[in-house]
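Me: Let's walk through this one together, a piece at a time. Have a look first, then I'll start asking.

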Amino acid sequence: MTYILEAKELRKQYADKLALRGLNLQIAPGEVFCLLGQNGAGKSTTINLFLGFVQPTAGAAFVNGLEVATNPIKIKEYLAYIPEQVMLYPHLTGLENLALFSSLAGYKYPQWELVQYLTDAGLPAEAVQRRVGTYSKGMRQKVGIAIAVAKHAKVLLLDEPTSGLDPKASNEFSELLRRLSGQGTAVLMATHDIFRAKEVGTRVGIMREGELVDVRPTATLNAQELEQLYLTFMN
Ligand SMILES: Nc1ncnc2c1ncn2[C@@H]1O[C@H](COP(=O)(O)OP(=O)(O)OP(=O)(O)O)[C@@H](O)[C@H]1O
């Protein structure tokens, strides 16, 4: 089977810090894999290695079977990255941002379809023609998801996407992720939110000091057991 994301003995040494110590990970289409771990555990480093933002010291990251280090442009076609703060042009409307980013990815859509992508992602219709500078954080996340869907990304890489969102926005975000995963999109998400990880994840991985110390399917754990497991590893 070709995994959509795969890490083989992936290692990252920064100048004076070993951030990742030989990570092995396989993620299939439709999976939502949540990375949990304290600040500095290596979650963002893992995501950045899949994106090709940083180079591995040893081992390799693969996207759809292609090694990231040797196919840095091609792998971008499969990926959508949603950081904590989605980067959009604040002086353009949501619609204009989506048109711009999807055309950069090689897709040109009529206006009605762009509106459809945005409203499907949960953006209120009244906001579509408003400048993004006036949007809430949750609305910018929705534009980020609309861009991911419009460019037919097979994988979403999310770095703490729900931090700072209110519970309603966070819940809407979880629902969106579940819908996309139901359509076969894979998700790798770094988060501190154990509750959301349980709710939206199919598996959770607990990272500590650059190592994946435990991986569990969420179906077999309730949120309290997951929290307990997390705390056990953090002590
Ligand atoms: N560019 C860099 N140069 C040097 N050290 C770095 C760099 N990026 C990350 N690190 C270090 O690598 C380790 C892992 O960082 P990483 O950002 O991957 O952790 P994280 O689990 O995402 O943490 P957080 O929850 O705070 O986002 C940390 O000790 C961090 O200080």
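Me: Which residue in S2 is the bridge partner of Tyr14?

Reply: Heads up, this is a predicted model: local features need pLDDT of at least 70, side-chain atom pairs count only at pLDDT 80 or more, and totals for chains, interfaces and linings use all residues. Residues are numbered from 1 along each chain as its sequence is written. S1 and S2 are antiparallel, with eight bridges joining them; strands (E, at least two residues) and helices (H or I, at least four) are DSSP runs numbered from the N terminus. Across from Tyr14, the partner in S2 is Lys17.

Me: What is the strand order of the open four-stranded sheet?

Reply: Strands count as paired when DSSP finds at least two bridges between them. S1 (residues 5-14) is joined to S4 (residues 58-63) by five bridges, and Arg11 sits opposite Ala58 there. S2 and S5 (66-67) are the edge strands, each pairing on one side only. With antiparallel pairing, the order reads S2-S1-S4-S5.

Me: Which element gives the most to the shell around the ligand?

Reply: There are 13 residues around the ligand, and Tyr14, Ala19, Asn39, Ser44 and Thr45 come nearest; a residue counts as near if its C-beta atom, placed from the backbone, lies within 6 Å. Strand S2 (17-27) and helix H1 (43-51) each put in at least two. The top contributor, with three residues, is H1.

Me: How many charged residues does that shell have?

Reply: The classes work like this: Ala, Val, Leu, Ile, Met, Phe, Trp, Tyr, Cys and Pro are nonpolar, Asp, Glu, Lys and Arg are charged, and the others, Gly among them, are polar. On that basis the shell has five nonpolar and six polar residues, and the charged ones number two.

Me: Which helix supplies the largest share of the side of domain 1 that touches domain 2?

Reply: An automatic or database domain assignment sets the bounds: domain 1 is 1-78 + 154-235, and domain 2 is 85-152. The contact (C-beta atoms, placed from the backbone, within 7 Å) takes eight residues from domain 1 and seven from domain 2. Four residues on the domain 1 side come from the biggest supplier, H5.

Me: Within what arc do the buried residues of H2 fall?

Reply: In H2 (residues 94-104), the buried ones are Gly94, Leu95, Asn97, Leu98, Phe101 and Ser102. They line one face of the helix because, looking down its axis (using directions from the axis to the C-beta atoms), they fall within an arc of 160°.

Me: What is the phi of Glu209?

Reply: Glu209 sits in the loop between S9 (203-208) and S10 (211-217). With 14 C-beta neighbours inside 10 Å, Glu209 is partly exposed. Its phi is positive, in a residue other than glycine, and near 45°.

Technical notes. Two residues are in contact if their C-beta atoms, placed from the backbone, lie within 7 Å. A residue is buried if 20 or more other C-beta atoms lie within 10 Å of its own, exposed if 12 or fewer, and partly exposed in between; C-beta atoms are placed from the backbone.
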